[in-house]
Amino acid sequence: MERPTHSMTGVGLAAGPSELGELRVEVRSVNGRGFSAKLRLPPNAGGYEAAIEELVRASVARGSLLVVLERAQAAAVLPDPEQVKALAGSLRQLADELRLPPPSLAEVLQVLAASGRADAATSRPLPPQLRGLLERALADLAAHRRSDGRGTAAAILEQLDQFAALVAQAALRAPMLVDEYRARLLQRVQEFVARHVPAAPPAPELVREVAAFADRVDVAEELQRLAAHIAEVRAVLARGGEVGRRLEFLLQELLRETNTLGSKSPDTTIAHAVVAMKTCVERMKEQAANLE
């Protein structure tokens, strides 16, 4: 079953109320070798780092991400009333046991703020509204990455078509090399014999020379492997999903076989085709580096 191909580049946005106040959430993603996430959170979001990273990791398999939570309002956000009530009750009970006057609201809030700073390093689960905002931003990011992925896959296929056409051109030219070499060799031998030698050299020697040349310039295996790699690249893009690493390997193999093709063939036409093939591969590698 075909799955969408995602780019590693994109941005997702969401804004709205949360347990931390009015927030603007931005998730930016660029290409990376694996998964990494950096968080930029407001002071009152302490303790949510692990939960946010877990949520992001569940949505994104690969890429370098920056998650930014910004307060949309400059006004101070009141603490959770239930937390204030619970803390005030505990402090009143302790004051009664110690026969001290009950704490004021300011003192309760001061203790609450101090406990919040102490608990900042403690991992806490995401409250519903904050989780909802993050999920919306991640969904927006996924839509952008999916759209960019389709465009990137189409660009790779376009370059692959050009590459395949160049391979076909080299495949048509390759069989002609031996015949042309045989004709040139025989012509040179005949010219040399006519000028310097009373008799022509034995035919087996000419046959051996042509056979040795044919073996040196034989690129049938390289052409066969190139055709197989081209077919596999098409299949990988058709399947979709996480294709980046597989494409990187296949494109490296295409480049290796292309280099071998160029080194084995002394023909100018094939040499020009090889240069153009390398350019296609480099362009495909640049595109594939952005795919998840």
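**A residue in a strand**

Modeller: Let us begin with leucine 65, whose place is in strand β4. Helices (H or I, at least four residues) and strands (E, at least two) are DSSP runs, numbered from the N terminus. The model is a predicted one, in which local features need pLDDT of at least 70 and side-chain atom pairs count only at pLDDT 80 or more, while totals for chains, interfaces and linings use all residues. Residues are numbered from 1 along each chain as its sequence is written, and side-chain values use heavy atoms, with hydrogens and water left out.

Colleague: Is leucine 65 buried or exposed?

Modeller: Buried means under 20% relative accessible area, exposed over 50%, and partly exposed in between (1.4 Å probe, protein chains only). Leucine 65 has a relative accessible area of 3%, so leucine 65 is buried.

Colleague: Which residues is leucine 65 in contact with, leaving aside its neighbours within four places in sequence?

Modeller: Contact means heavy atoms within 4.5 Å. With those neighbours left aside, leucine 65 is in contact with Val27, Arg28, Ser29, Phe35, Ser36, Ala37, Lys38, Val56, Val60 and Leu141. As for glutamate 53, 12 residues from leucine 65 in sequence, the C-alpha atoms of the two are 10.0 Å apart in space.

**The sheet**

Colleague: How should I read the sheet, and what is the order of its strands?

Modeller: Strands of a sheet pair through backbone hydrogen bonds, either parallel or antiparallel. Here two strands pair if DSSP finds at least two bridges between them. The 4 strands form an open sheet in the order β1-β2-β4-β3, and the pairing is mixed. Its edge strands are β1 and β3 (35-40), each of which pairs on one side only. On average, neighbouring strands of this sheet are turned by 10° against each other, direction ignored.

Colleague: How many bridges join β3 to β4?

Modeller: There are 6 bridges between β3 and β4 (residues 63-71), and these strands run parallel. Within β4, valine 68 stands opposite arginine 40. Helix α1 (residues 49-59) packs on the sheet and touches β3 and β4, its direction making about 140° with that of β3. Axes are lines fitted to C-alpha atoms, for helices over the stretch in contact, and angles run from 0 to 180 degrees between N-to-C directions.

Colleague: What joins β1 to β2?

Modeller: β1 and β2 (residues 23-30) run antiparallel and are joined by 7 bridges. Leucine 13 has glutamate 26 in β2 as its bridge partner. The hairpin of β1 and β2 has 6 residues between the strands, and glycine 21 takes a positive phi near 105° there.

Colleague: Which residues form the two faces of β1?

Modeller: In a regular strand the side chains alternate between the two faces of the sheet. In β1 (residues 10-16), Gly10, Gly12, Ala14 and Gly16 make up the covered face, whereas Val11, Leu13 and Ala15 make up the uncovered one.

**Packed helices**

Colleague: At what angle do the axes of α7 and α8 cross?

Modeller: Two packed helices are described by the angle between their axes and the distance between the axes. The axes of α7 (residues 244-264) and α8 (residues 268-288) cross at roughly 165° and come within 10 Å. Therefore α7 is roughly antiparallel to α8. Angles under 35 degrees count as roughly parallel, over 145 as roughly antiparallel, 65 to 115 as roughly perpendicular and the rest as oblique. The crossing of α7 and α8 is left-handed; a crossing is left-handed if the near helix is turned anticlockwise from the far one by less than a right angle, and right-handed if clockwise.

Colleague: How do the residues of the contact of α7 with α8 divide?

Modeller: They divide into 11 nonpolar, 5 polar and 3 charged. Ala, Val, Leu, Ile, Met, Phe, Trp, Tyr, Cys and Pro count as nonpolar, Asp, Glu, Lys and Arg as charged, and the others, Gly among them, as polar.

Colleague: Where does alanine 273 lie?

Modeller: Alanine 273 lies in α8 and counts as buried because its relative accessibility is 3%. Leaving aside neighbours within four places in sequence, alanine 273 is in contact with Leu166 and Gln169.

**The whole chain**

Colleague: How many helices and strands are there in the protein chain?

Modeller: The protein chain has 8 helices and 4 strands. Of its 292 residues, 37% count as buried.
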